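Please keep the structure open while you read.

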Amino acid sequence: MLNLSEKDKQILAIGLTAAAIFVILGVFVFSYSMETLDVQAEELGAQESSVYQAPFPDYMIPDFENEVGSILLGILSTLAIFGVALGVGALLKKSKFSE
Amino acid sequence: MHIPDGFLSLPIIIITFAITFIFWAIAFKRVGGKLDERKVPLMGLLTALFFAAQMVNYPIIGGTTAHLLGGAALGIILGPFAGGISMTIILVLQAFLFGDGGLTALGANVLNMGIIGVVIPALLVLTFNKITKGKGLLIWVFIAAFVGDVLAAIFAGVELGLSQPVFQYGLNIAVPAMAINHSVIGVIEGVVTAVLVGSLLKLRPDVLNKSSILKGLPAVKASQEKKE
């Protein structure tokens, strides 16, 4: 499906490895999240009122909430997003959206 | 910066979705049928890379944390429209799979991070390049990424501030709080974006020759001529 040169395959491998490292860092070292918006919401006592229950809330697999599960989920979802973006890109390549 | 459900008023939800739909229509029309074959894997890679990068929450000031957005890099490397579509993919999947950002706030989140955070830096670098003819490029990339990040945060603050009484803080509190903290984040975003663009320019300038923003640079042009 992808017609890539050796150099392009190399850059793809480096990029996906970097993504996997980000996932591991995100799970093991930099997992605590308290953004400015969260602080403001906490000060106000504002509550989220979700209209939809996501299958993997807070980037965790329900009933399997540990580092291994989160890394697995992170890497699989990174690959899934890679696949979706490739699919959207391929559709856009031959799309008839343009006149 | 992902706004959850329940923080925005109905008028803000409607306005932000309307702007986002208009952007998507323009972006699909501009990119559709014109996306270069070599840009497809690059789009896939950068989308996956910045999705993963957004999982890293690093500490900033006052006990708060932040993560990279990647909007500036997507806009500068892929172009503003393909970059906007790429960031949209990240935000849609984050909302549907992980509940990161609300579905009712998806229009606002795409407007802030996928339009403002992507298009503004891309246009800034394009303008700086035209004026300076590529001189000091990485400084301009840094400034553009910084501005894109801070502006995206200001937009989020404005949307929240205008959503009273749903979100009780007005513009006078929501906007400065978002802008100040995101100035720190903007510096980091600027450094990372400049390092990424600089590395590609040095090591693989040919990857950038399909970028509507950078294709005119001498190093990128030279790599294209060499290839031909």
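## Salt bridges, interface and buried spots

Glu6(A) is exposed, with a relative accessible area of 61%; here exposed means over 50% relative accessible area, buried under 20%, and partly exposed in between, with a 1.4 Å probe and protein chains only. This is a predicted model, in which local features need pLDDT of at least 70, side-chain atom pairs count only at pLDDT 80 or more, and totals for chains, interfaces and linings use all residues. Residues are numbered from 1 along each chain as its sequence is written, chains are lettered from A and ligands numbered from 1 in the order in which they are written, and side-chain values use heavy atoms, with hydrogens and water left out.

**Confidence**

- The model scores ipTM 0.86 and pTM 0.90.
- Chain B has a mean pLDDT of 88, with 97% of its residues at 70 or more; pLDDT is the predictor's confidence in each residue, from 0 to 100.

**Salt bridges**

- Over all chains, a search of the whole structure finds three salt bridges, each being a side-chain nitrogen of Lys or Arg within 4 Å of a carboxyl oxygen of Asp or Glu.
- Glu6(A) pairs with Lys9(A) in one of these, and their closest N and O atoms are 3.6 Å apart.
- Both Lys9(A) and Glu6(A) sit in helix α1 (residues 6-28) of chain A, three residues apart, or about one turn of the helix. Helices (H or I, at least four residues) and strands (E, at least two) are DSSP runs, numbered from the N terminus.
- An α-helix has 3.6 residues a turn, so residues three or four places apart point the same way.
- Lys9(A) is partly exposed, at a relative accessible area of 43%.
- Another pair crosses between chains, running from Asp8(A) in helix α1 of chain A to Arg204(B) in the loop between α7 and α8 (218-227) of chain B. The N to O distance between the side chains of Asp8(A) and Arg204(B) is 2.8 Å.
- Arg204(B) also meets Asp206(B) in a salt bridge, at 2.9 Å from N to O.

**The interface of chain B and chain A**

- The size of an interface is often given as the accessible area lost when the parts come together.
- Chain B and chain A bury about 5200 Å² between them, with 71% of it on carbon and sulfur atoms; this buried area is the accessible area (1.4 Å probe) that two parts lose on being put together, summed over both.
- In chain B, 61 residues are in contact with 60 residues of chain A, where contact means heavy atoms within 4.5 Å.
- Across this interface the rule finds one salt bridge.
- It also finds six residue pairs in polar contact, both at pLDDT 80 or more. A polar contact is a pair of N or O atoms within 3.5 Å; within protein, one must be able to donate a hydrogen and the other to accept it, and residues adjacent in sequence count only if both atoms are side-chain atoms.
- On the side of chain B that touches chain A, α1 (10-31), α2 (39-53), β1 (58-59), α4 (80-98) and α7 (171-203) of chain B each supply at least two residues.
- The largest share of that side, 11 residues, comes from α2(B).

**Asn57(B), touching both chains**

- Asn57(B) lies in the loop between α2 and β1 of chain B, and at 10% relative accessibility Asn57(B) counts as buried.
- Leaving out residues up to four places away in sequence, Asn57(B) touches residues including Phe30(A), Tyr32(A), Glu35(A), Thr65(B) and His67(B).

- How many residues of helix α3 (residues 71-78) of chain B are buried? Eight of its eight residues are buried, among them Gly71(B), Leu74(B) and Leu78(B).
- The cover over the buried residues of α3(B) includes α2, α4, α5 (106-132), α6 (137-161) and α7 of chain B.
- Gly79(B) follows α3(B) and has a positive phi, near 100°.
- Thr193(B) is in helix α7 of chain B and is buried, with a relative accessible area of 2%.
- Not counting residues up to four places away in sequence, Thr193(B) touches Ala72(B), Ala73(B), Ile76(B), Val141(B) and Ala145(B).
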